[in-house]
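I opened this chain to work out how its parts are put together. My notes follow in the order I looked things up.

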Amino acid sequence: MRENYINVGRIKRARRQTKHRVIFIVISAFVIFGLSLLLGYYLRTQVDTMPQRGDIPAEMLSGQLPADTSDASKISIMAPDLPLDGIPDAAAVAAAVEELVLGSREAVSLCLRDDAGEVYYRSSVAQNLTGQQAAGVDLSLLLPALRNADIYTSAMFGVTAFSAPGTGEGDLLYAYESTLIAEIGAAGIDEILLTGLPVTVDTLDAVSTFLGEVRRQLPDSVQLAVAVPAAVTGEAAGSVLIKQISQYADTVALDLRGLSAAEGQSPADAATAIFTDASLYFSKYNMRVLLPAADRDTFSALRQSMELNGIHNWQSAH
């Protein structure tokens with residue numbers, strides 16, 4: 001008898017619990033439905049109030065975008081070039097890093113592959129694919145030492161794959177350089193700066209595809225920077241080109257290594273004219289300046305011109 005009473009009680013409690021669950025589910029469904037209606041109304045309102053192409057000011061369509069501070073968090077560095085031919089072993093690496101620390105350097109620029117395609121580090125990829133003995137600096141020694149000293153490292157890498165577009169040689173270079181870049185990224189570099197890319201309207205799609213593949217192969221911790229010729233900022237399509245490049249690159253650098261001054265014009269004056277014309281790009285994208293290190297007088301003049309224009313994001317290279 002007692003066993004039947006207990007079973008009946010359990011059944012009643014189970015029925016009450018089931019009833020409560022049904023009520024809860026029904027109420028939840030109404031709440032979710034109401035929130036969905038509100039969310040849908042909000043999204044429709046946002047779409048309806050978005051400016052259409054005809055509503056956008058002409059100066060924005062022409063690339064004259066207002067200064068945007070949303071990119072203010074992009075990395076700014078002052079990175080002198082670190083010659084790699086003088087640090088062949090661990091002792092030389094330690095001495096070079098100690099000198100950087102004593103000089104209060106917080107960042108360095110390393111040329112790991114120049115615009116002619118010469119590799120300056122001991123690359124397993126280069127050795128395996130070319131059959132030549134790898135030479136140059138040992139990144140497994142240099143990069144940990146720089147990281148331990150809290151020095152930011154930007155590796156310059158010259159891209160040559162676009163020198164022979166649409167050919168078998170170009171395709172091989174494309175794959176080879178992508179693999180080299182991935183190798184450098186895996187070595188523990190902070191940033192890779194690609195130079196030598198043909199940033200033009202005709203090549204923009206191909207360059208964008210290349211950058212997309214490079215970006216996918218790099219660890220998330222590695223920054224990707226892209227150098228563009230100084231002349232780009234003065235072109236009618238400059239805003240389109242730089243905006244597209246910035247979709248793939250964490251940093252866009254203005255390459256002044258090939259800066260040419262007009263007759264009677266000093267390099268500093270030529271640079272000042274460029275900085276003035278490109279002031280919009282510097283404020284919006286926090287662009288970096290790539291300086292020539294070979295000519296010390298020109299380097300000093302350009303640095304002074306940068307300071308006068310409030311530009312403190314730069315690195316140098318030979």
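I call a residue buried when its relative accessible area is under 20%, and exposed when that value is over 50%. With that cut-off I looked at helix α9, residues 267-277, and found A268, A270, A271, I274 and F275 buried. They span an arc of only 160° around the axis, which puts them on the same side of α9. I then asked what covers them. The cover includes β6 (251-255), α10 (279-285), β7 (288-292) and α11 (296-308).

**Overview**

I note here that the model is predicted. I counted 11 helices and 8 strands in the protein chain. It has 318 residues, of which 39% count as buried. I looked up the contacts with a separation of 6 or more: residues 24 or more positions apart account for 76% of them. The accessible surface comes to about 18000 Å², and 56% of that belongs to carbon and sulfur atoms.

**The sheet**

In what order do the strands of the sheet lie? I read β1-β8-β7-β6-β5-β4-β3-β2, an open sheet of 8 strands with parallel pairing. At the edges stand β1 (78-79) and β2 (107-113); each has a single partner strand, so one side of each is left without a neighbour in the sheet. I checked the β1 edge. Its pairing with strand β8, residues 314-317, is parallel and rests on 2 bridges. There M78 has W314 of β8 as its bridge partner.

Next I looked for what packs on the sheet at the β2 side. Helix α5, residues 139-148, touches β2 and β3 (152-158). The direction of α5 makes about 165° with that of β2.

**Helix α5**

Which residues of α5 are buried? I found L139, L142, L143 and L146. Their arc around the axis is only 90°, which puts them on the same side of α5. Among the elements covering the buried residues of α5 are α3 (90-102), β2 and β3.

**Strand β3**

I followed the chain on to β3. There 7 of the 7 residues are buried, so β3 is largely enclosed by the rest of the structure. Y152, S154, M156 and G158 point one way; T153, A155 and F157 point the other way. On the β2 side, 6 bridges join the two parallel strands. In that pairing V108 stands opposite T153. On the other pairing I counted 5 bridges from β3 to strand β4 (residues 191-195), also parallel.

What does G158 contact, leaving aside its neighbours within four places in sequence? The list is R113, D114, D115, E177 and T195.

**Nonpolar cores**

The largest nonpolar core has 70 residues, and L110, L194 and L197 touch the most other members. I took L194 and set aside its neighbours within four places in sequence. Its contacts are F157, V159, I181, F210, L211, L224, A225, V226 and A227. Another core lies apart from the largest one; it has 7 residues, among them L193, A225, A227 and A317.

**Two positive phi values**

I looked for residues other than glycine with positive phi. D150 is one of them, at about 60°. It sits in the loop between α5 and β3. Buried or exposed? D150 is exposed, with a relative accessible area of 67%. N286 also has a positive value, near 50°, and lies in the loop between α10 and β7. Here the relative accessible area is 18%, so N286 is buried.

Methods
Residues numbered from 1 in each chain as written. Predicted model: local features only at pLDDT ≥ 70, side-chain atom pairs only at ≥ 80, totals over all residues. Heavy atoms only, no water. Pairing = 2+ DSSP bridges. Helix = DSSP H or I, 4+ residues; strand = E, 2+ residues; numbered from the N terminus. Contact = heavy atoms within 4.5 Å. Axes fitted to C-alpha atoms, helices over the stretch in contact; angles between N-to-C directions. Buried < 20%, exposed > 50% of the residue type's maximum accessible area, 1.4 Å probe, protein only. Arc of directions from axis to C-beta. Areas by Shrake-Rupley, 256 points an atom, 1.4 Å probe, with all protein chains shown as cover. Core = buried A, V, L, I, M, F, W, Y, C linked by side-chain atoms within 4.5 Å.
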